[in-house]
Amino acid sequence: MIFPIKQRRWVYISLSILSLCLAITITPARASLQVPTTSTLNVSVSTSQPSNWLEQGRKLYHSGRFAEAVTIWQTAAQQYHSQGDRLNEALSLSYLSLAQQELNQWQVAQQSIEQSLKLLQTSIPSADAILWAQAVNTKANLQLHTGKAETALESWQQAQKFYEQAGDTMGSLGSQINQAQALQTLGFYRRSKQQLETLTQKLGAMPDNEIKVSGLRSLGLALQIIGDSSKSQQILEQSLAIARQISAQPQLSSILIGLGQTAVDLQDPEAALDYFEQAQLLATNPSDRLQARLAQFKLFLNYDKLEFATPLVPQLLQQFRELPPSHTSLYAATNFVATLNHQSNSEQILPLKDLAQLMAVTVQSAQQIQDTQAEAHALNQWGKLYQRTQQLSQAQELTQKSLNIARQLQANDIIAQSAWQVGQLYKQQGDRSKAISAYTEAVNALKALRGDLVAINPDVQFSFRTSVEPVYRELVDLLLENQPSQAELIQARELIEALQIAELDNFFREACLDRTQQIDRVDPTATVIYPIILPDRLTVILSKAGQPLRSYVTHKSQAEIEQTLDNFLVALNPVSDSKDRDRLSQQIYGWLIRPESAEQAFIDTKTLVFVLDGRLRNIPIAALFDGKQYLIEKYAVALSPGLQLMATRSLHQNHISAIVGGISQSRTGFSALPAVESEVKQISKAVSSRVLLNQEFTSQALAERVKSSSAGIVHLATHGQFSSRLEDTFLLTWDGQVNVKELSELLKNRGSDPSKAIELLVLSACDTAAGDDRAVLGLAGLAVKSGARSTIATLWPVKDRAAAMLMTRFYDQLRQPKITKAEALRQAQISLIRQTDFHEPFFWSGFVLIGNWI
């Protein structure tokens, strides 16, 4: 079956998926590597009781019935306390904290684990190391989920020692995998990768057995979550091969599902389908069989293969009916309906009334097992079904119930989705004020989730482009209707900034950006321009220090605006018709600049700073044409992914020094860049430099040079690519590709002292991914996350000689007193326009300055 290539959906990594896949020591449902059992803990649980509370709770926990597990383990803790059995009481409390964490009951989970640890410390000083390991591991998981990654790392290191003391090799390895996740959360990607590679070697040296299979599987899932899909695939395949060799039948389906998801990430739907089909065939329990079939169903829909998705529906419905209510089965049903709610043609697959009936049963089952999170998610999807049929009162009632439950749970992931839906319903009913209030609550919930990787629950397949970005955009649209007030303009501007941050968080799969002061308050000669593409218009907000915000509107459809932008990009090619290029350029200039220019709004403005939206990010703003001059001939131009992200210190021209690295020779399939050698030499003459060329330009050498040097500029002339996909954003060094996360960590290798930050990062010879309408996202992400105050890069590959010429002139300008980085780049670009053969915009306008322009 041939699948057409289709852009991958961006899915926010959630808190729950981290607990299921990475904190492997505490996750019975998906990664049973170190699930505590009475046998492995060597604990004497009394079997003379009417029931074995610990074992009952474990069974409920394994089946996803967390609320029931909480009740059982609370009873166990109370009964063991009354019997004076402190060891089993401590164990019950540790288990209890796990279940409470699954229900997002963070405060009581904290109380339970603290009580468990206190018992171990005061009442059972001779407790087995394995029991200490389990309790400390539970504590670490809680710390990670409540934003304390550094203390979580320390706790997992402590748990590792306890496991090693107890002779539990797999417990030790599991703790180390969790440490790698904590390192990721703290931003130490190279350390995390090194730790995972070491773990791979340790697991490889172990004898083939079920424990090794589980360890490799968990490691593969960890690598998948952090974005290393290729390595994840390799490790999961190794786990699968061993599982087949030793006949570890129960683990096969979960490994195959993991491989299928990795294949989806790698945009290989044929392989993904094969893995999901195998998983379904080999599943030894109904839950795995359901997950495998559901994964196939979603894959078919994502690739518009309705004819293959539809026959799976009766089988899925039968499985939903047959499975006893559990967290897993309830989320699977909600996932199924959420997937169809995203399809405009879902009635061809299943009538909406049947979907509504499924959600009604799911809500009832959730109430039965006291799974309030699942109930809230199901109510939200049920309300969405009524919204689709324009039964707005029923939709409002159900969605409001979902929102009320979410508020009680303080579950921001559900609040974000339900409040958004409530806002849409008010908007449909013409109540603008209540709609804005609901949308604002949704946005605030999304902002609150930043520390939890903007935790849109993956079990119901919320994606950034369909369920996060629209919340911001629809609220901006509401605020900018008719004649917006000053307060509404301010809120709209803040929302666009927040959306930029959310996009970058999503790109890096973590909350990675910290705000600083508003830089437009620092430079009174700059005017900041926010063009916002809305469905039926382009609205531009202007911000200048000390003045009220202004706005103006061009009434054109989003499709027409984007088509014009795409046509302009094509027309920039030197072989294209220059008259066509100038016409398109003047049209875009008219949208962004001319309305306010006519009103003399840019008097005293030296620099125009653009916070670009959507497809506008791919456009070389400097090349916009007013009929006589390019924009760059009148103003310095800078780009920003959000002014609140920018630092304010300027470069000290008297102390300019640089680290200059590059590759001129062909390397690992990449073509030679012969002009790089002369570029590096010319820059070295212009500014004091330490050079790393070809064989010397390794990632380790660059890291050491950045750490040991106080140079304010890092200039890298080598192949690289920027993309909206984290996996496809990299820089080439002599020893291989360095991904954007590793590169950002490497460049921040001087510690946390702001005075030592890199002032200017220059990326020469890099490219943006062809055909990717959000490729500049990778460039903006590196620009911000590297800690560099400013970044210069190119939107497309520029002729070697032109690049070398422009860069040399840029550095000559940069040495002049009291010149800003934006002005230095402007003068270099003007010199190419007026003094060389490279006067066409293609040769000079692709160079952009991102970040601090001062």
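Trainee: Where does Asp 268 lie?
Mentor: Asp 268 is placed in the loop between helix 12 (249-265) and helix 13 (269-282). Please keep in mind that this is a predicted model.

Trainee: Why is Asp 268 given its class of accessibility?
Mentor: The relative accessibility of Asp 268 is 33%. Buried requires under 20% and exposed requires over 50%, with partly exposed in between. Asp 268 therefore counts as partly exposed.

Trainee: What makes the surface patch of Asp 268, Glu 270, Asp 274 and Glu 277 negative or positive?
Mentor: Asp and Glu count as negative. The patch is formed by Asp 268, Glu 270, Asp 274 and Glu 277, and it is a negative one. Membership also requires over 30% relative accessible area, and Asp 268 has 33% relative accessibility.

Trainee: How do you know whether strand 1 is enclosed or open?
Mentor: Strand 1 covers residues 526-534, and nine of its nine residues are buried, so the strand is largely enclosed by the rest of the structure.

Trainee: Which residues of strand 1 point one way, and which point the other way?
Mentor: Ala 526, Val 528, Tyr 530, Ile 532 and Leu 534 point one way, while Thr 527, Ile 529, Pro 531 and Ile 533 point the other way. The residues in both groups are all buried. In a regular strand, side chains alternate between the two faces of the sheet.

Trainee: What makes strand 1 and strand 2 a pair?
Mentor: Pairing requires at least two bridges between the strands. Strand 1 and strand 2 (residues 537-544) are joined by eight bridges, so they count as paired. They run antiparallel, and they form a hairpin with two residues between them. As an example of a bridge, Ile 529 has Leu 542 in strand 2 as its partner.

Trainee: How many bridges join strand 1 to strand 4, and do the two run parallel or antiparallel?
Mentor: Four bridges join strand 1 to strand 4 (residues 607-610), and the two run parallel. Here Thr 527 stands opposite Leu 608 of strand 4.

Trainee: What makes strand 13 mostly covered?
Mentor: Strand 13 consists of residues 847-851, and five of its five residues are buried. Five bridges join strand 13 to strand 12 (residues 790-794), and these strands run antiparallel. Ser 790 stands opposite Gly 851 in strand 13.

Trainee: What makes the contact between Glu 503 and Arg 617 a salt bridge?
Mentor: The definition asks for a side-chain nitrogen of Lys or Arg within 4 Å of a carboxyl oxygen of Asp or Glu. The side chains of Glu 503 and Arg 617 meet at 2.4 Å, N to O. The pair therefore qualifies as a salt bridge. Glu 503 lies in helix 24 and Arg 617 in the loop between strand 4 and strand 5 (636-639), so the pair ties together parts that are 114 residues apart in sequence. Glu 503 and Arg 617 are both buried.

Trainee: How do you know that Glu 562 and Arg 615 form a salt bridge?
Mentor: Their closest N and O atoms are 3.2 Å apart, and the limit is 4 Å. This pair links distant parts of the chain, with Glu 562 in helix 25 (residues 558-571) and Arg 615 in the loop between strand 4 and strand 5, 53 residues apart. Glu 562 has a relative accessible area of 17% and is buried. At 18% relative accessibility, Arg 615 also counts as buried.

Trainee: How many salt bridges does the structure hold?
Mentor: The structure holds 26 salt bridges. Among them is the one between Arg 65 and Glu 68, at 2.9 Å from N to O. Arg 65, at 26% relative accessibility, counts as partly exposed. Arg 432, Glu 481 and Glu 488 are linked in a network of salt bridges.

Trainee: What is the phi of Asn 482?
Mentor: Asn 482 has a positive phi of about 55 degrees, although it is not a glycine. Most residues other than glycine have a negative phi. Asn 482 is found in the loop between helix 23 (464-479) and helix 24 (486-508). At 71% relative accessibility, Asn 482 counts as exposed.

How values were computed: Residues are numbered from 1 along each chain as its sequence is written. This is a predicted model: local features need pLDDT of at least 70, side-chain atom pairs count only at pLDDT 80 or more; totals for chains, interfaces and linings use all residues. Side-chain values use heavy atoms; hydrogens and water are left out. Patches are made of residues with over 30% relative accessible area and no salt bridge: like charges are joined within 9 Å, nonpolar side chains (Val, Leu, Ile, Met, Phe, Trp, Tyr) within 5 Å. Accessible areas come from the Shrake-Rupley method with a 1.4 Å probe; for residues, only the protein chains shown count as cover. The place of a charge is taken as NZ of Lys, CZ of Arg, CG of Asp or CD of Glu. Buried means under 20% relative accessible area, exposed over 50%, partly exposed in between (1.4 Å probe, protein chains only).
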